[in-house]
Amino acid sequence: MKYTAQDFKSDQEVKWCPGCGDHAVLAAVQRALPEVCEALNYSRERLVFVSGIGCSSRFPYYMNTYGFHGIHGRAAALATGIKVANPTLSVWQMTGDGDSLAIGGNHFIHAIRRNIDINIILFNNRIYGLTKGQYSPTSKLGMITKTSPYGTVEHPFNPGALVLGARGTFFARGIDNDINLNKEIFVASAKHDGTSVTEMLVNCVIFNDGSHKEFSDKEVKEDRTIVLRHGEPMIFGKNRDKGLILVGRRLKVVKIGEGGITEKDILVHDAHSDDIGIHSMLVDMKYPEYPVALGVIRDVADKTYDDNVRDQVIDVTEHAMIHSMDELLKSGSTWEVK
Amino acid sequence: MQHKVIDTDEVVIRFSGDSGDGMQLTGTLFADASALYGNEISTFPDYPAEIRAPQGTISGVSGFQVHIGSGEVKTPGDYCDVLVAMNPAALKANAKWAKPTATIILDTDNFDEKGLAKAGFKTDNPFTELKIDDRNLILSPITTLTKESLKDSGLDNKSIIRSKNMFVLGMCYYMFNRPMEYTEAYLKRKFKKKPQLIDANIKVLRDGANYAANIQAIPNTYKIDPAPAVPGLYRNISGNQATAWGLLAASEKSGRPLFCGSYPITPATNILEELAIHKYLGAKTLQCEDEISGICTAIGAAYAGNFAVTTTSGPGFSLKSEALGLATMTELPLVIVDVQRSGPSTGIPTKTEQTDLNQALYGRNGECPIAVIAAHSPSNCFDAAFYAGKYAMEHMMPVILLTEGFIANGTEPWKIPSMSDYPAINPPIIDKCDGPFKPFERDPETYARKWAFPGKVGLEHRVGGLEKSPNGAISNDPIVHEQMVARRAEKVKRLANYIPEQNVLGDQEGEMLIVSWGGTFGHTYTALKQLKKEGFNVGLAHFDFIFPLPKNTAEVFSKFKKIIVCELNSGQFANYLRAMHPDFKYMQYNKVQGQPFIVQDVVAAVKAAYEK
């Protein structure tokens, strides 16, 4: 069956604030799903959207699929249970920077470590919105919020670095309003076998307006971000004249045509390389020294938890001497009373 | 000394030594050999929290008590007839459990100055110090004898010393006329890849038995006739193994694959370990990153259509509280097994208690009633787990199963049932519906909602922790909330229509009703038998179903003048009964020492209450 974005819209009223970045992410997901379903031969009833608590965690109610709105921080655990229970399902976890990097940090890193085949979309607005404006684990050092009236004294997490630290097999980054790129990322994340994490930089129009604006505004975006695609040179800028090269063990931004640099000197993105080195540098790039990396940064093939469970069950069942409870009950040491 | 063969109905043996001395294995092998011989048995491991506490100290003492008999054996016994103490610390820790007539077997090689000092003895005569000179003390150089026995074996010194537990086991086999074939077969299996150790261990075992026969120090041997058991096939089973198998049985009967999400915690861990073995029966086990993940992965699996289970003990149960609310709110089937241990906090983690009852009944935010059932013996854990699964799936709700360290680790012989003896499990699974699916529409009898798991066409719906109206939409409507609270409570209450009525053992009416629940059954039942023998007018109502209570509870209580509630806490069940059935007066007998009841103490408490 061929789907359209409309098929994935539920009858529930979307209650996010007007201007919230989450609206655009919802639109991108709903546009990506027809392509995902066609490419992977999924039908709608096999899709499950799981979430924790937070603004973004309302997401499942707006999808006309199966959905589970969980409790704070536990979306990864719920999603893991669903996927292990029925590996034929396509499981999507909608979560925020508070949900997955604070209260649910443990489940987040362990889902990645296991490489369970779920798609995590991490809405990062660097603030607690649903509780009305406290700092989050991704709030910038010094940020003034209701619970940090004199500025935070905590260093923020970089979600991508956490993912790579847990040897994640897929990491991508997008900005809320770039629906086309996000759609492309979501399709790639669905096609990836294993845990995919997509960091969505979303704007909280009420409590943290403009938190990504220094590189997400239309006028500056092309010069301050770089969209990475596997096999393509790392070129960016309005005039497509800037690129990244490796000097020693560091990335460097260069201008093509200056200092003898030609397009051939520019690094070519290899998302499929198991080596974490360059992926880690790309994830860490911050404006103004570097452009912020967008797109699929890492997409590495590896055995998934679900594969390993399935293989083990097949192997153990093949060699099993016991096939039913009655056989189990009578197995081992027993004695007969006559 | 004249050798006598004593005919007796029952004997209690307590093996004790350093935690590295292999006393758990020794006790288990003795129990298995006795069960195979046809005795009724009950066992109780009493081991330290430390895996390897400092050698020779009291905190490192590990004990294993076995009760064998030719009649009904329902407890591991209060005091022992034979105490094995492999070192001074074991003697010091366990002398209080030896009957005045007890025989005490000691490895004198460890009773040197250093060993006595480590155990905290102040003089060089531990027997006078402990006031046990009058017991029948068998002083044997067990380590030396074991070394002598194996001097030509070619084994290294460490391996030789490690097999001294087989020497003492051999001595006990002689004393109690146990067959050795079972143990020899075990050793052959265990050391299949090290045949040298098979021969060595069997030699030490036999030498131990021969030594016991030769020395004149052992005045009596015991003859305990096989128990007149119901014909059939039997096996030994521990509570945790029975729990795991009961869950597997519920999975097979319901046709829903088993999923267990758990985090290791004493004394519940070996349920997870046991389930992990049985992948070939469709069981999926996930050792989670924490307790919260344990229950949340299970809730996810329940949503996806599996028979979901999480296993834990008190502290882990606390961590799962919020998610219990989620399971209640989403109305998904889930079994939570809490193997209770001594608390609060870490408490005494390897010791038994019934102190999680309040937590099971009340420990959640909001109006959140959850069904609670309890297992009453090691083998009964099978039935308790099976029915916990049946009720969870058929009534679409979480069910808490309480067991206890005492029955979880204890073993008893079990007449192997056939799965055809067990009822069907029919969860209310829905495959399609006309019109939009309403996830919180209820069965008019059970109040259970339908189970529609992902993958079913046309039943797409959302569940979650937010309050919802019956059609599944989020609702903040005050009246809807109150109705949903009432309906969820009614669903649990209606379980009382499906559980058996409460039975009474002993007298059906009269002076005194003993009330107990959970793993104390063996003790209260044995106390009942003794009280009856002494002519008291007394009955026993032992509750397996805690919430809801059986429908005839008030009727049972009304037939007795006095009620005494006996439990291993400060009165949690008694207080619960006061709330549920306030028309009756409840006396209490409580113990919170991390130890099971002592039958004689229960008898004394009931007598005292009787006189009041």
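A residue counts as buried if 20 or more other C-beta atoms lie within 10 Å of its own, exposed if 12 or fewer, and partly exposed in between, with C-beta atoms placed from the backbone. Before you click around: this is a predicted model, in which local features need pLDDT of at least 70, side-chain atom pairs count only at pLDDT 80 or more, and totals for chains, interfaces and linings use all residues. Residues are numbered from 1 along each chain as its sequence is written, while chains are lettered from A and ligands numbered from 1 in the order in which they are written.

**Stop one: B:Lys131.** Select B:Lys131 in the loop between α4 (126-129) and β7 (136-140) of chain B. Those labels come from DSSP runs, numbered from the N terminus: helices are H or I with at least four residues, strands are E with at least two. Is B:Lys131 buried or exposed? It has 9 C-beta neighbours inside 10 Å, so B:Lys131 counts as exposed. Check its backbone too: phi is positive, about 55°, although B:Lys131 is not a glycine.

**Stop two: B:Tyr447.** Now jump to the loop between β16 (411-415) and β17 (462-464) of chain B, where you'll find B:Tyr447. Here's another non-glycine with a positive phi, about 70°. B:Tyr447 counts as buried because it has 20 C-beta neighbours inside 10 Å.

**Stop three: strand β22(B).** Select residues 560-567 of chain B. Six of the eight residues of this strand, β22, are buried, so it is largely enclosed by the rest of the structure.

Pick out B:Leu513 and you can look across to its bridge partner, B:Ile563 in β22(B).

Next, bring in strand β23 (residues 587-590) of chain B, parallel to β22(B) over four bridges. Here B:Val565 has B:Gln588 as its bridge partner.

Finish by showing helix α21 (residues 572-580) of chain B: together with β22(B) and β23(B), it makes a right-handed β-α-β unit. Right-handed means that, with the strands pointing away from you, the path from the first strand over the helix to the second runs clockwise.

**Stop four: two cis prolines.** In chain A, go to the loop between α9 (276-284) and β11 (292-299) for A:Pro288. The peptide bond from A:Tyr287 to A:Pro288 is cis, with omega near 10°. Then hop to B:Pro267, in the loop between β10 (258-262) and α11 (269-277) of chain B. B:Thr266 and B:Pro267 are joined by a cis peptide bond, with omega about 0°.

Methods. Two strands pair if DSSP finds at least two bridges between them.
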